[in-house]
Amino acid sequence: MDCIFCKIIKGEIPSKKVFENEDMLIFCDINPQATIHYLAVPKVHFANVVEMTDEQATIVGRMLKKIGELADSLGLQNGFRLVSNKGENACQSVEHLHIHILGGEKLSEKMG
């Protein structure tokens with residue numbers, strides 16, 4: 001498999017990790033779209049929310065809960081935005097589900 005996120009999870013490609021547990025890895029986005037921009041990726045590979053199994057959905061649920069628990073320590077005390085793209089029209093650039101965590105500033109009311 002030639003998935004960049006799988007390679008980051010395995011440590012084959014360096015990243016600036018901010019959190020890791022058995023379910024996921026959170027690291028800094030290399031092309032930040034906000035003052036704070038992290039990516040949360042599940043350690044198990046699946047392309048997007050349409051393709052995930054019930055078991056994978058449970059992992060995503062745990063990921064979301066953990067993001068909420070980590071918000072203050074990630075510098076997101078004043079709020080944050082979560083985004084997960086699916087497909088070409090949404091500009092999904094890596095076919096491994098990932099959640100953008102954006103914050104650290106007043107974000108635009110526009111979503112795109």
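**The largest pocket**

In this predicted model, the largest pocket has a volume of about 660 Å³. Its lining counts 31 residues. Closest to the pocket centre are Asp29, Asn31, Gln33, His37 and His100. Which elements each supply at least two residues of the lining? They are helix H1 (4-10), strand S2 (24-28), strand S3 (36-42), strand S4 (80-83) and strand S5 (99-103). H1 gives the largest share of the lining, at 3 residues. By class, the lining of the largest pocket holds 16 nonpolar, 11 polar and 4 charged residues.

**Salt bridges**

How many salt bridges does a search of the whole structure find? The search finds 6.

| Salt bridge | Closest N to O distance |
|---|---|
| Glutamate 20 and lysine 43 | 2.9 Å |
| Glutamate 69 and lysine 66 | 3.1 Å |

Aspartate 2 counts as exposed because its relative accessibility is 68%, over the 50% cut-off. Lysine 7 counts as partly exposed, at 25% relative accessibility.

Next comes the salt bridge of glutamate 20 with lysine 43, at 2.9 Å between the closest N and O atoms. Glutamate 20 lies in strand S1, while lysine 43 lies in the loop between S3 and H2, so the pair ties together parts that are 23 residues apart in sequence. Glutamate 20 is partly exposed, with a relative accessible area of 37%. Lysine 43 is also partly exposed, with a relative accessible area of 29%.

The pair of glutamate 69 and lysine 66 has its closest N and O atoms 3.1 Å apart. How many residues apart are glutamate 69 and lysine 66 in helix H2? They are 3 residues apart, and this separates them by about one helical turn. Glutamate 69 is partly exposed, at 47% relative accessibility. Lysine 66 is partly exposed too, with a relative accessible area of 24%.

Some bridges share partners. Through them, Lys17, Glu20 and Lys43 are joined into one network.

**A nonpolar surface patch**

Which residues form a nonpolar patch on the surface? Leu64, Phe80 and Leu82 do, with about 230 Å² of accessible area together. Leucine 64 belongs to helix H2, residues 54-70. Leucine 64 has 39% relative accessibility and therefore counts as partly exposed.

**Loop residues**

Glutamate 22 sits in the loop between strand S1 (17-20) and S2. Is glutamate 22 buried or exposed? At 64% relative accessibility, glutamate 22 counts as exposed. Valine 44 is 22 residues away from glutamate 22 along the chain, and the two C-alpha atoms are separated by 9.9 Å.

Cysteine 91 is placed in the loop between S4 and S5. What is the phi of cysteine 91? Phi is near 65°, a positive value in a residue other than glycine. Cysteine 91 is exposed, at 60% relative accessibility.

Leucine 76 is in the loop between H2 and S4. Why does leucine 76 count as buried? The relative accessible area of leucine 76 is 3%, under the 20% cut-off, so leucine 76 is buried. Between leucine 76 and isoleucine 8 there are 24 Å in space, C-alpha to C-alpha. In sequence, leucine 76 and isoleucine 8 are 68 residues apart.

Isoleucine 67 and isoleucine 9 are 58 residues apart in sequence. Their C-alpha atoms are 18 Å apart in space.

**Helix H2 in review**

Glutamate 69 and lysine 66 form a salt bridge, and both lie in helix H2.

Definitions and conventions: Residues are numbered from 1 along each chain as its sequence is written. This is a predicted model: local features need pLDDT of at least 70, side-chain atom pairs count only at pLDDT 80 or more; totals for chains, interfaces and linings use all residues. Side-chain values use heavy atoms; hydrogens and water are left out. On a 1 Å grid over the protein atoms alone, a cavity is a set of points where a 1.4 Å probe fits but cannot get out, and a pocket is an open set with protein on both sides within 12 Å along at least five of seven lines; lining residues have an atom within 4 Å of a point. Grid points are joined across faces, edges and corners, and a volume is the space filled by probe spheres set on the points. Helices (H or I, at least four residues) and strands (E, at least two) are DSSP runs, numbered from the N terminus. Ala, Val, Leu, Ile, Met, Phe, Trp, Tyr, Cys and Pro count as nonpolar, Asp, Glu, Lys and Arg as charged, and the others, Gly among them, as polar. Patches are made of residues with over 30% relative accessible area and no salt bridge: like charges are joined within 9 Å, nonpolar side chains (Val, Leu, Ile, Met, Phe, Trp, Tyr) within 5 Å. Accessible areas come from the Shrake-Rupley method with a 1.4 Å probe; for residues, only the protein chains shown count as cover. A salt bridge is a side-chain nitrogen of Lys or Arg within 4 Å of a carboxyl oxygen of Asp or Glu. Buried means under 20% relative accessible area, exposed over 50%, partly exposed in between (1.4 Å probe, protein chains only).
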